[in-house]
Amino acid sequence: MKLDPTLQWVGTFFTLLGAVLTSAAIDPWNIWAFNLGTIFWGVYAYRARMASLFTVNIGLMVIYMGGIIRSILA
């Protein structure tokens, strides 16, 4: 199905963008990029019925949401 590779590549793009922004200390945009990456990978993992990949991405999303909340409150 065409949607699945698209989800993987868009998720990969945003995950790598988050890493680049983190290395350049561009906050909070790095957290937003990481969150988008985990959303795309989470949707893919759910569709592919990959419980471990889904779990790690939901876990990362919760962690990154904590960073977004911290950046808003700071």
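Visitor: Where does alanine 25 sit?
Guide: Alanine 25 is in the loop between α1 and α2. Keep in mind that this is a predicted model.

Visitor: What is its phi?
Guide: Alanine 25 has a positive phi of about 55°, although it is not a glycine.

Visitor: Is alanine 25 buried or exposed?
Guide: Exposed. Its relative accessibility is 58%, and the cut-off for exposed is over 50%.

Visitor: What about proline 28, where is that?
Guide: Proline 28 is also placed in the loop between α1 and α2.

Visitor: Cis or trans, the peptide bond from aspartate 27 to proline 28?
Guide: That bond is cis, with omega near -5°.

Visitor: And tryptophan 29, which element is it in?
Guide: Tryptophan 29 is found in helix α2, which covers residues 29-48.

Visitor: Buried or exposed, tryptophan 29?
Guide: Tryptophan 29 counts as exposed because its relative accessibility is 58%.

Visitor: How far is tryptophan 29 from leucine 17?
Guide: Their C-alpha atoms are 9.4 Å apart in space. In sequence, tryptophan 29 and leucine 17 are twelve residues apart.

Visitor: Let's do the helices. How do α1 and α2 pack?
Guide: Two packed helices are described by the angle between their axes and the distance between the axes. Here the axes of α1 (residues 3-23) and α2 come within 7 Å and cross at roughly 155°. So α1 is roughly antiparallel to α2, since angles over 145 degrees count that way.

Visitor: Left-handed or right-handed, that crossing of α1 and α2?
Guide: α1 passes α2 in a left-handed crossing.

Visitor: How far apart are glycine 11 and tryptophan 41?
Guide: Their C-alpha atoms are separated by 5.3 Å. Along the chain, the two residues are 30 residues apart.

Visitor: OK, charges. How many salt bridges does the structure hold?
Guide: One. Aspartate 4 pairs with arginine 47, and the closest N and O atoms are 2.9 Å apart. The pair links distant parts of the chain, with aspartate 4 in helix α1 and arginine 47 in helix α2. The two residues are 43 residues apart.

Visitor: Why can they pair at all?
Guide: Side chains of opposite charge can pair when their charged atoms come close.

Visitor: Aspartate 4, buried or exposed?
Guide: Buried. Aspartate 4 has 18% relative accessibility, and buried means under 20%.

Visitor: And how does arginine 47 count?
Guide: Arginine 47 counts as partly exposed, at 32% relative accessibility.

Visitor: Then at what angle do α2 and α3 pack?
Guide: About 155°, with their axes 8 Å apart. That makes α2 roughly antiparallel to α3. The crossing of α2 and α3 is left-handed.

Visitor: What about glycine 59, where does it lie?
Guide: Glycine 59 lies in helix α3. Glycine 59 counts as partly exposed, at 30% relative accessibility.

Visitor: How far is glycine 59 from phenylalanine 13?
Guide: The two are 19 Å apart in space, C-alpha to C-alpha. In sequence, glycine 59 and phenylalanine 13 are 46 residues apart.

Visitor: Last topic, the surface. Which residues make the nonpolar patch?
Guide: Tyr46, Phe54, Ile58 and Val62 make it, and the patch is about 400 Å².

Visitor: Which helix gives the largest share?
Guide: Helix α3 (residues 51-73), with three residues of the patch.

Visitor: And tyrosine 46, where does it lie?
Guide: Tyrosine 46 lies in helix α2. Tyrosine 46 counts as exposed because its relative accessibility is 60%.

Note on methods. Residues are numbered from 1 along each chain as its sequence is written. This is a predicted model: local features need pLDDT of at least 70, side-chain atom pairs count only at pLDDT 80 or more; totals for chains, interfaces and linings use all residues. Side-chain values use heavy atoms; hydrogens and water are left out. Patches are made of residues with over 30% relative accessible area and no salt bridge: like charges are joined within 9 Å, nonpolar side chains (Val, Leu, Ile, Met, Phe, Trp, Tyr) within 5 Å. Accessible areas come from the Shrake-Rupley method with a 1.4 Å probe; for residues, only the protein chains shown count as cover. A salt bridge is a side-chain nitrogen of Lys or Arg within 4 Å of a carboxyl oxygen of Asp or Glu. Helices (H or I, at least four residues) and strands (E, at least two) are DSSP runs, numbered from the N terminus. Buried means under 20% relative accessible area, exposed over 50%, partly exposed in between (1.4 Å probe, protein chains only). Axes are lines fitted to C-alpha atoms, for helices over the stretch in contact, and angles run from 0 to 180 degrees between N-to-C directions. Angles under 35 degrees count as roughly parallel, over 145 as roughly antiparallel, 65 to 115 as roughly perpendicular and the rest as oblique. A crossing is left-handed if the near helix is turned anticlockwise from the far one by less than a right angle, and right-handed if clockwise.
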